[in-house]
Amino acid sequence: MADETPTTTPPPADYPPVTVIESESPSVAKNLESKEDPLPPAPIQEVTESAKQEEPPLELPQQSPIATAKSEDVLVVGSVQAKEGEEPTIRKSVPQSLISFKEESNVVADLSDSERKALQEFKQLVQEALNTHQFSSPKQEGQETKEKEKPAPTTEQEEETPVSESETKPLHEPKIEENPVKEAEEVAKEASQTAVSPEDVSIWGVPLLKDDRSDVILLKFLRARDFKVKDAFVMLRNTIHWRKQFGIDALVEEDLGDDLEKVVFMHGYDREGHPVCYNVFGEFQNKELYQKTFLDEEKRTKFLRWRVQFLERSIRKLDFRPGGVCTIFQVNDLKNSPGPSKSELRLATKQALQLLQDNYPEFVAKQVFINAPWWYLAFYTLISPFLTQRTKSKFVFASPAKSADTLFKYISSEHVPIQYGGLSVDYCECNPEFTIADPVAEVTIKPGTKKTVEIIIYEKCTIVWELRVVGWEVSYGAEFVPDSQGAYTLIIQKAIKMNQTDEPVLHHRFKVNELGKILLTIDNPTSKKKRLLYRFKIEPSY
């Protein structure tokens with residue numbers, strides 16, 4: 001069957017210089033028996049109807065290098081997506097998606113009556129604690145407790161310990177005798193000031209009870225304790241005490257090195273605007289790094305301090321205003337994880353989890369475990385009955401074969417790092433052509449079919465594009481077809497078979513000296529659906 005190429009007509013003079021059309025035809029391996037391995041629906045299909053209506057209508061300025069043409073297939077042009085019979089809409093940089101766990105609102109007006117009452121009671125307890133300095137350093141309280149519990153010295157001890165005359169008399173006794181009234185007035189004045197001056201306490205850069213950001217912080221502790229006010233207060237007080245003991249404020253500024261920068265790192269945002277944190281356990285397969293991090297108690301303590309420092313720095317970038325994004329999307333990569341046999345790693349992980357659970361409530365929007373091995377899934381099955389429904393609703397597990405598709409469900413491909421199937425690189429100058437802000441078009445290629453992306457160009461320019469097919473195992477070719485009759489087709493990339501081990505992303509730059517169209521062809525002879533990711537830019541020729 002011949003390739004299906006939609007017919008097009010020249011656009012009006014005021015149209016941008018580029019049109020993109022996607023067409024589909026049977027693959028050269030048409031007779032191959034195919035068993036479809038369904039992919040999750042395309043991300044745009046996860047947006048609710050109400051969310052679609054809120055998106056602004058398509059408004060392409062005349063200076064834009066991209067124009068759209070309707071086609072029977074789903075049309076994807078840069079950040080523009082549309083279905084047949086619908087007007088194209090501009091996809092937001094952070095589109096919405098449907099997820100199993102729905103974060104509750106941090107706006108007081110959205111709370112239920114019981115929740116508002118609990119918050120008000122909690123704030124009263126916090127105010128009383130600030131007035132009476134209950135959040136003071138626990139070291140002083142501990143010393144006072146020890147002094148009370150310390151037994152009185154025995155008679156023998158008193159006889160053995162010589163006491164000088166100066167020790168038996170208070171050093172300030174002469175002063176009291178000189179002016180006892182004045183001294184008493186000063187002591188009473190100091191006590192009065194202490195009683196009426198509440199202490200200032202801040203947590204994660206937010207001063208308690210100073211503005212509405214404090215409500216967001218207090219709601220985290222309330223939700224962590226099922227809105228039990230007294231339990232939430234105890235948790236908050238213990239957290240503030242722990243932060244002073246651990247020296248959090250000084251730790252944030254401390255230089256602990258960059259040995260673990262590939263183990264835990266922040267990269268991009270999910271579809272709801274949460275910053276994404278990646279935890280790569282496979283990095284600990286490096287024996288030198290493993291021993292340097294977990295060999296003894298001192299090294300494990302340093303690792304714990306580094307992990308807390310990383311989390312603190314990340315949290316302080318969140319938006320604690322009501323309605324703001326104040327949680328983090330966690331991705332845990334279990335590929336080549338050392339596993340439960342490593343006792344040092346298991347101990348360090350247990351310590352870290354306990355510390356985070358006790359002192360960082362409700363900071364995780366979603367926990368996604370990718371490249372999950374069988375033993376981890378078996379372990380989760382065992383502990384699942386002991387987890388709350390709220391906790392389990394935040395967990396998502398994906399096998400190695402489904403990891404990329406799972407990430408795309410929650411994170412758009414321009415925000416997913418290259419090593420996990422997306423097109424996003426680290427924040428460096430190694431890929432100056434595209435950044436995380438450049439939207440990516442996603443196309444599903446059915447088993448045994450060929451997909452052709454046509455980029456029709458109406459003026460001389462230079463076009464730059466990059467593309468990948470997750471997992472490859474397809475053929476890819478690119479060519480330029482001039483509009484002039486009798487002109488020769490230029491082969492930009494001869495059709496080649498791309499394997500899983502090949503370069504994950506292909507980059508091309510082509511200078512257009514005459515009007516025509518770029519054809520990008522992907523032939524999928526396999527029995528599985530494939531996901532094509534691509535984006536391009538137009539550089540005008542002057």
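Ala, Val, Leu, Ile, Met, Phe, Trp, Tyr, Cys and Pro count here as nonpolar, Asp, Glu, Lys and Arg as charged, and the others, Gly among them, as polar. The model is predicted, so that local features need pLDDT of at least 70 and side-chain atom pairs count only at pLDDT 80 or more, whereas totals for chains, interfaces and linings use all residues. Residues are numbered from 1 along each chain as its sequence is written, and side-chain values use heavy atoms, with hydrogens and water left out.

**View A. Lining of the second largest pocket, by residue class.** The lining divides into twelve nonpolar, six polar and twelve charged residues. Helix H16 (403-410), strand S15 (461-469) and strand S20 (530-540) each supply at least two lining residues, and H16 gives the most, with three; helices (H or I, at least four residues) and strands (E, at least two) are DSSP runs, numbered from the N terminus. Lining residues have an atom within 4 Å of a point of the pocket, which is an open set on a 1 Å grid over the protein atoms alone, where a 1.4 Å probe fits, with protein on both sides within 12 Å along at least five of seven lines.

**View B. Stacked rings of Phe369 and Phe397.** The ring centres lie 4.9 Å apart with the planes at 15°, so the pair is stacked (centres within 6.5 Å, planes under 30 degrees apart). Phe369 belongs to strand S11 (residues 364-370) and Phe397 to strand S12 (residues 395-397), 28 residues apart, so that the pair links distant parts of the chain.

Terms used:
Phe/Tyr/Trp six-rings, centres within 6.5 Å; stacked < 30°, edge-to-face > 60°.
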